[in-house]
Amino acid sequence: MKALSVTGLMKTFKEKSGDVHALGPVSLDVTQGSFLCVLGPTGCGKTTLLRTIAGLEIPDSGSIELMLGADGRQPVVGYVFQQGALFPWMSIHANVEFPLLARGNIDRITRRLRVGAILEMVGLSDFSSSYPHQLSGGMQQRAALARSLVTQPDILLLDEPFSSLDTRTSQDLQENLRNTWKEAATTVVFVTHSIEEAVYLAGEVVVLGHRPGRIVRRQVINLQDPRSRLSQEFTEYLVSLRRTFEELVEEPE
Amino acid sequence: MKNRLPGLAIPLLLLLWWILITGEGSDTLLPSPAEVFSILVHPFQDQISTGSLIWSMTVSLVRIALGFSLAVVVGIPIGLMMGASRQVRKYLSLMIEMARPLSAIALLPLSIILFKSETLSQFFGMSYLRYQKHLLNEMQLGMIFILFWGGVFPIILGTIQGVRSVRKLHLEAAKVLGARKAFIFRYVMIPSALPDIFHGLKLGIGRCWMVIIAAEMLPGTNSGIGYLIRYSYQLSRYDIMLACLVIVAIIGAFFSKGLEALGEKSLVLRSRER
């Protein structure tokens with residue numbers, strides 16, 4: 001079953017220096033419960049694609065369809081920004097509670113339980129009364145992840161959430177995210193420019209070419225869990241996708 | 001060492017003052033620090049039949065409290081609306097910019113025409129207070145209007161600035177987390193704007209302290225620290241006049257610092273992330 005269906009999506013930004021054709025046309029189906037990585041070089045429009053799916057940008061043409069939830073309700077979308085975008089004047093607890101409060105129909109005890117459970121899951125239970133600036137970059141990203149997971153989203157969109165972290169922290173969080181995805185059985189669309197990150201995380205990788213972003217390759221990643229970055233198969237996927245990347249760079253715009 | 005320097009300025013000023021009046025062949029009219037000090041240590045003593053320093057100060061403080069509160073109650077909502085909506089901003093900004101250069105002092109005659117010398121006790125129909133010494137008898141409507149006028153513009157401008165400096169990232173985050181407009185306004189825009197709002201409040205209260213002297217020049221006024229400054233000058237009681245200036249300086253600074261401290265608290269939380 002499809003969780004998300006994108007058809008003929010196009011987006012152009014109007015700049016002073018003229019129009020910039022950022023994206024498309026892009027058509028893409030995402031199966032429910034799958035983990036899709038959108039991989040592409042900087043400026044290929046992958047963030048624009050994600051923002052459009054989330055409703056932060058209005059497409060020039062094309063359509064986005066989100067499948068309704070199990071009981072026919074509107075699908076819940078989670079979104080994680082490149083830099084956490086936590087609210088600095090709120091404690092971690094208040095930040096994570098924000099989406100529950102915003103939806104308005106969840107009582108206080110349920111809210112507290114769910115915030116507690118999600119903070120436990122990302123390992124931030126001891127920091128619920130801390131403020132964002134008191135946490136490290138990695139912890140802030142985990143808090144941001146918790147904030148978007150607390151509503152139990154049907155589809156989770158992540159925009160290079162680990163790109164500003166050091167390699168070690170980034171790899172920890174990748175492992176964390178993959179486990180979370182398996183537990184929560186949600187659909188994930190993850191945007192990144194790192195081939196290694198994509199191969200480690202994804203069930204399927206979509207490679208976007210240079211601006212205007214178009215899909216140049218779809219690659220299923222068939223690796224056993226737990227994934228090892230040192231395994232033969234992992235390296236093969238890495239090299240193969242790298243080759244696609246190199247061809248993109250050589251290709252005149 | 002470095003942070004003790006500001007404290008050093010005040011003794012230096014006193015020294016300069018003392019040298020100025022005791023110097024050889026000095027013919028200054030300035031009273032000595034000791035004379036002024038002797039006024040300041042008797043705050044309950046009646047001064048030139050206008051009441052004690054405490055009474056004058058209380059009258060002025062209550063006037064400022066009324067005028068400033070009115071400025072806050074009117075200024076913050078206007079600022080919020082102007083900050084949040086382009087339409088409202090377009091609509092009101094010309095009016096605000098035209099009103100701003102009209103200083104509170106320039107509006108003295110207008111306030112006399114508008115409010116005559118009506119006081120709050122008259123306004124509330126409490127005529128039985130007329131021959132008593134009562135705070136409400138000292139609260140001229142025109143004066144409150146002038147204080148309001150002095151304080152409201154910095155508050156409006158600070159609030160607009162605050163709302164407009166809300167980070168786009170935070171607005172988008174709130175939106176994708178499922179928050180609606182009213183919720184975003186209450187839980188994202190206002191907290192983000194708080195530091196600038198406090199800055200506006202600080203400027204506003206400072207303006208009120210400047211304006212009170214002008215406000216207390218309204219006819220029919222015979223109380224308040226501003227009045228006492230003017231009246232003691234007319235009677236050549238420079239010791240009283242200087243004592244009043246010292247009081248205004250201290251209390252004015254106290255208010256500004258208080259608001260600054262409140263604003264600082266919200267500013268720290270907001271700016272750390274950058």
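Trainee: Which hand is the crossing of helix 2 and helix 4 of chain A, left or right?

Mentor: That crossing is right-handed. Keep in mind that this is a predicted model.

Trainee: OK, what are the values for helix 2 and helix 4 of chain A?

Mentor: Their axes come within 7 Å. They cross at roughly 30°. Helix 4 covers residues 137-149.

Trainee: Parallel or antiparallel, then?

Mentor: Helix 2 of chain A is roughly parallel to helix 4 of chain A, because angles under 35 degrees count that way.

Trainee: Which residues make the contact?

Mentor: Helix 2 of chain A gives Ile92(A), Asn95(A), Val96(A), Phe98(A) and Pro99(A). From helix 4 of chain A come Ala143(A), Ala146(A) and Arg147(A). By class, the contact has 6 nonpolar, 1 polar and 1 charged residues.

Trainee: What follows helix 1 of chain A?

Mentor: Gly55(A) does. Its phi is positive, near 90°.

Trainee: Which strands does helix 1 of chain A lie across?

Mentor: Helix 1 of chain A lies across strand 3, strand 5, strand 6, strand 7 and strand 8 of chain A. It runs at about 145° to strand 6 of chain A.

Trainee: What sheet do those strands belong to?

Mentor: An open sheet of 6 strands in chain A, with the order 5-6-7-3-8-9. Its pairing is mixed.

Trainee: Which strands stand at the edges of that one?

Mentor: Strand 5 and strand 9 of chain A. Each has a single partner strand, so one side of each is left without a neighbour in the sheet. On average, neighbouring strands of this sheet are turned by 15° against each other, direction ignored.

Trainee: How many bridges join strand 3 to strand 7 of chain A?

Mentor: 5 bridges, and the two strands run parallel. Leu39(A) stands opposite Thr192(A) of strand 7 of chain A.

Trainee: And the sheet with the order 2-1-4, how is that paired?

Mentor: That open sheet of 3 strands in chain A has antiparallel pairing. Strand 2 and strand 4 of chain A are at the edges, so each has one side without a neighbour in the sheet. The twist averages 20° from one strand to the next.

Trainee: What packs on it?

Mentor: Helix 1 of chain A, which touches strand 1, strand 2 and strand 4 of chain A. Its direction makes about 115° with that of strand 1 of chain A.

Trainee: How many bridges pair strand 1 with strand 2 of chain A?

Mentor: 10 bridges, in the antiparallel sense. For one pair, Lys14(A) has Asp19(A) as its bridge partner in strand 2 of chain A.

Trainee: New topic. How many residues of chain A are in contact with chain B?

Mentor: 18 residues of chain A, in contact with 16 residues of chain B. Helix 2 of chain A supplies the largest share of the chain A side, 4 residues. By class, that side has 14 nonpolar, 2 polar and 2 charged residues.

Trainee: What is the secondary structure of chain B?

Mentor: Chain B has 11 helices and 0 strands. Of its 274 residues, 38% count as buried.

Note on methods
Residues are numbered from 1 along each chain as its sequence is written. Chains are lettered from A and ligands numbered from 1 in the order in which they are written. This is a predicted model: local features need pLDDT of at least 70, side-chain atom pairs count only at pLDDT 80 or more; totals for chains, interfaces and linings use all residues. Two residues are in contact if their C-beta atoms, placed from the backbone, lie within 7 Å. Ala, Val, Leu, Ile, Met, Phe, Trp, Tyr, Cys and Pro count as nonpolar, Asp, Glu, Lys and Arg as charged, and the others, Gly among them, as polar. A residue is buried if 20 or more other C-beta atoms lie within 10 Å of its own, exposed if 12 or fewer, and partly exposed in between; C-beta atoms are placed from the backbone. Axes are lines fitted to C-alpha atoms, for helices over the stretch in contact, and angles run from 0 to 180 degrees between N-to-C directions. Angles under 35 degrees count as roughly parallel, over 145 as roughly antiparallel, 65 to 115 as roughly perpendicular and the rest as oblique. A crossing is left-handed if the near helix is turned anticlockwise from the far one by less than a right angle, and right-handed if clockwise. Two strands pair if DSSP finds at least two bridges between them.
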